[in-house]
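User: I'd like to learn how to read a few features of a model like this one. Can we go through them one at a time?

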Amino acid sequence: MYSQEDVLTFVEEENVKFIKLAFFDVFGVQKNISILPQELPRAFDEGISFDASAIAGFGNEGKSDLFLHPDPSTLCILPWRPMDGRVIRLYCDVRYPDGSIFQDDSRWILKQAVAYAQKNDIEINLGAEVEFYLFQRDEENKDLRIPFDQAGYMDVAPKDQGEDIRREICFTLIEMGIQPEASHHEEGPGQNEIDFHYSDALTAADHTSTFKWVVEMVASGNGLEADFSPKPLADHAGNGMHINLSLPKNPELQEAFLAGILDHICEMTVFFNPHKDSFLRLGEKKAPRFVSWSKENRSTLIRIPAVKGGQQRIELRSPDPMANPYLCYALLIYAGIDGIQKHRKAPQAIDVNLYTAQRSVTDLLQKLPTTHAEAWNRAAASDFIKQFIPAAYLHAYR
């Protein structure tokens, strides 16, 4: 892990010419300021100011000065920039002019959730499976909404035209210190998925955010448009962001953690599915509709994947890639620990296909919110959400 001195030495010895100081708005959209190497010591000591009133959820013109303080542990080289005169990226903490933490920063919200888990002696690792579409562009670089290929789930080349793109994405991630686990074509035409190894919650969120940026950069470099929206094509599978949580090998703890997520999922849904189109995806083509769980069953909200050795995983299947991963991971930690503290028991597992099940089965199950308005209202009425999510975020997601 890099220290402040390590970063300063790296910049000097590796001919770094620009430093991108990156952070995220309330929706998880990456923002950045580029500085020159001679400004880096000041960034570490004093921070670099920016206009917070121009960032979604960060404030108004009346009190708009905030400062970026680089997190040295997040140093990475941007491989798509020249090697002679390198560019690096550092994620940042956001602070007020007096140096105190800006507590409406979603990365800080996740840090607090991690500290809360540590206080409760619970170790949680996370990893995401992120789906995306690749679309063709015309000569003027406009998105044509034409899928890059017509391949299906786990097809091979030449039908799968995304193979080389995924390989380039994986190599780029490796150069940036992120280890992919697997990549393949997904169900939709032009749809792809790349998975990476689980890690601690903050690193996992950083990796998820970096991954989306890399996909967009590599796609653009190949004359394509990467689309992470929840329902790019009406008649085909939407994009999901399945979140895997690895917990200690303690069956009672795992059950209580799972039950806590099920208890609070409807209140959290607006943050996992933040767009109106998110609700066009839920309920079809392996995207869940009901508050349910099972082992291996891909029609349920949560499934327990079959594993050989290693940690047992809980896979949440409702989020989509437009969600802010820092908020998602924080809320999952809080919900799971709430289940542990209340000694919650999971409901009966559902071992039937919920997409084709009879109404006598589905009528007994609670549904996820079916519209953005319903999801927001559930969050707005939730004491659980108000305890952990700033009011500015709730307002921004309306």
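Analyst: Start with burial. Arg107 has 2% relative accessibility, so Arg107 counts as buried. Keep in mind that this is a predicted model.

User: Where does Arg107 lie?

Analyst: Arg107 is part of helix 3.

User: Which residues does Arg107 touch, leaving out those up to four places away in sequence?

Analyst: Its contacts are Asp71, Thr74, Tyr91, Cys92, Asp93, Leu202, Asp206 and Tyr326. Take Asp93 as one case. Asp93 and Arg107 are 14 residues apart along the chain, and their C-alpha atoms are separated by 7.6 Å.

User: With which side chains does the Arg107 side chain make polar contacts?

Analyst: Asp71 is one partner, at 3.2 Å. Asp206 is another, at 2.9 Å.

User: Now helix packing. What describes two packed helices?

Analyst: The angle between the axes and the distance between the axes. Here, take helix 3 (residues 106–119) and helix 8 (residues 325–341). Their axes come within 8 Å and cross at roughly 25°. Angles under 35 degrees count as roughly parallel, so helix 3 and helix 8 are roughly parallel to each other.

User: Is the crossing of helix 3 and helix 8 left-handed or right-handed?

Analyst: Left-handed. On the helix 3 side, the contact includes Arg107, Leu110, Val114 and Tyr116. On the helix 8 side, Tyr326, Tyr329, Ile333 and Ile337 are among the residues involved. Note that Arg107 also touches Tyr326 in its own contact list.

User: Are Cys76 and Cys170 buried or exposed?

Analyst: The cut-off for buried is under 20% relative accessible area. Cys76 has 6% relative accessibility, so Cys76 counts as buried. Cys170 has 13%, so Cys170 counts as buried too.

User: Last, a loop residue. Where is Ser382 placed?

Analyst: Ser382 sits in the loop between helix 10 (372–380) and helix 11 (383–388). Apply the burial test again. With a relative accessible area of 4%, Ser382 is buried.

User: Which backbone nitrogen lies 3.0 Å from a polar atom of the Ser382 side chain?

Analyst: That of Ile385.

Methods:
Residues numbered from 1 in each chain as written. Predicted model: local features only at pLDDT ≥ 70, side-chain atom pairs only at ≥ 80, totals over all residues. Heavy atoms only, no water. Buried < 20%, exposed > 50% of the residue type's maximum accessible area, 1.4 Å probe, protein only. Helix = DSSP H or I, 4+ residues; strand = E, 2+ residues; numbered from the N terminus. Polar contact = N/O pair within 3.5 Å; in protein donor to acceptor, adjacent residues only side chain to side chain. Axes fitted to C-alpha atoms, helices over the stretch in contact; angles between N-to-C directions. Parallel < 35°, antiparallel > 145°, perpendicular 65-115°, else oblique. Left-handed = near helix turned anticlockwise from the far one by under 90°. Contact = heavy atoms within 4.5 Å.
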